[in-house]
Amino acid sequence: MKEIIIKNLTAKDDKFACAFADKVILESKETDEWYEYFDDFASLLDHPKSLVRNRALYILAANAQWDEDNHFDAILDEYLAHVTDEKPITARQCVKALAQVGLAKPQYIPMILSALHDADLSKYKDSMRPLIEKDMAETEKVLTDFLRRTPRIETCRLLLREIQETDGKDIFDCWMQDEDVSRYMCWKASCDIAETRSFVRYELSQIKNEKWYRWIIVLKETGKIIGTCLVFYNEEDDESHWDISYNLGKKYWGNGYITEAMKAVMRFAETALGMEECVTVYAKVNTSSANVLHKLGFIDEAEIPYECSGGDMITEGILCRYEKNI
């Protein structure tokens, strides 16, 4: 089969080859059936014919969404090299396709943006250079706008998504009215659903804040909202730093859901936001939260006062720190 695929994509009949490539690209948007040939498509990136390189660039971009095995890691540098391909039309196709790659794999966005910023376009004719620059500006806008929104993240059991205006009742029922959940949190439980709706409105106002990323945690098996998590840049402390927070409905405690969700969030923060360090505080008596943080790689540093339950209680807290690649 792979021999047929390569033969079709490199056929002398360009009309036939383009039609075949269009079919692969279209189907790759809906199904992962072509992903098993990822390495074969990648082998065409250095093909001497620019039209073949164009096809490979777009097919690989369409399959980026299925790349759970991270094959793209091995070819990313080669892919980005085509930003300044010898053929300006291929450079344009690469720049356009990179928008799709970045949306599928946000961890690549910093590298993609860097490649676009550093690209030397001086070798192209004056008639082509503005067109490539325009493509670059459009791709950069797509990717930077994406980073200003909270991306959907999937784990084995969970879906992490943006908060929605209709989530208020489920949030209230799951944790906002539960004192057992709020006991060691900075917020205070309330039986007034209007306060939950106010929380939702505030979070909606922060969706495009590039220093504030709030997710609603949904259990895939049931489609039910089970909690929330947050990574944000804390500028209220003396030392500004990235920080995290999370809540989980009481009926879902003890299943490892928060650890699973936060591992994915930390990975996003490192790769897409450039987070190299994160500092947070938890109540010393809250051993469950301590266990989560230690599993994530946080190390306890100092005991400090800690306000919880909306400031009604001050208890001993533990300041802990996470460092990338520690």
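Analyst: Let us start with helix H9. The buried residues of H9 pack against helix H10 (179-182), helix H11 (193-205), E3, strand E4 (224-234) and strand E5 (241-248). Keep in mind that this is a predicted model. H9 itself covers residues 168-176. Its buried residues are Gly168, Ile171, Phe172, Cys174, Trp175 and Met176. An α-helix has 3.6 residues a turn, so residues three or four places apart point the same way. Find Ile171 and Trp175 in that buried list, and look at them with this rule in mind.

Now follow the partners of H9. One of them is E3. Strand E3 spans residues 212-219 and gives three residues to the lining of the largest cavity, the most of any contributor. What lines that cavity? The lining residues are Thr150, Ile163, Glu203, Gln206, Ile207, Trp212, Tyr213 and Arg214. The volume of the largest cavity is about 40 Å³. The structure holds one cavity of 30 Å³ or more. Rolling a probe the size of a water molecule over the atoms shows where empty space is left.

Another partner of H9 is E5. Move along the chain from there. Trp253 sits in the loop between E5 and H12. Is Trp253 buried or partly exposed? Trp253 has a relative accessible area of 43%, so it is partly exposed. Setting aside neighbours within four places in sequence, Trp253 touches Asp180, Val181 and Leu248. Compare Trp253 with Ala17: they are 236 residues apart in sequence and 54 Å apart in space, C-alpha to C-alpha.

The largest nonpolar core has 100 residues, and Phe72, Tyr79 and Ile244 touch the most other members. Helix H12 (residues 257-272) supplies the largest share of this core, 10 residues. In soluble globular proteins, nonpolar side chains tend to be buried together.

Look closely at Tyr79. Not counting residues up to four places away in sequence, Tyr79 touches Leu45, Leu57, Leu60, Ala61, Phe72, Cys94, Ala97, Leu98 and Val101.

The buried residues of H6 include Cys94, Ala97, Leu98 and Val101. Arg92 and Gln93 are buried in H6 too. The buried residues of H6 pack against helix H4 (50-63), helix H5 (72-81), helix H7 (109-118) and helix H8 (129-147).

Asn70 lies in the loop between H4 and H5. Its phi is near 60°, a positive value in a residue other than glycine. Most residues other than glycine have a negative phi, and most peptide bonds are trans. Asn70 counts as partly exposed because its relative accessibility is 36%.

H6 and H12 meet again in the lining of a pocket. The second largest pocket has a volume of about 1,200 Å³. Its lining has 28 residues, and Ala104, Lys105, Pro106, Gln107 and Glu154 lie nearest its centre. H6, H7, strand E1 (153-154) and H12 each supply at least two lining residues. H12 gives the largest share, five residues.

E7 (residues 299-308) and E8 (residues 313-323) run antiparallel, joined by nine bridges. Glu303 stands opposite Ile318 in E8. Cys308 has Met313 as its bridge partner in E8. Four residues lie between these strands in the hairpin, and Ser309 takes a positive phi near 50° there. E8 also pairs with strand E6 (residues 277-283), through seven bridges, and these two run antiparallel. Cys278 stands opposite Tyr322 in E8.

Last, step back. The protein has 13 helices and eight strands. Its C-alpha atoms fill a box of roughly 75 × 40 × 35 Å along the principal axes. Of its 326 residues, 50% are buried. Among contacts between residues at least 6 apart in sequence, 64% join residues at least 24 apart.

Conventions:
Residues numbered from 1 in each chain as written. Predicted model: local features only at pLDDT ≥ 70, side-chain atom pairs only at ≥ 80, totals over all residues. Heavy atoms only, no water. Pairing = 2+ DSSP bridges. Core = buried A, V, L, I, M, F, W, Y, C linked by side-chain atoms within 4.5 Å. Buried < 20%, exposed > 50% of the residue type's maximum accessible area, 1.4 Å probe, protein only. Contact = heavy atoms within 4.5 Å. 1 Å grid on protein atoms, 1.4 Å probe; cavity = no way out; pocket = protein on both sides within 12 Å on 5 of 7 lines; lining within 4 Å. Points joined across faces, edges and corners; volume = space filled by probe spheres on them.
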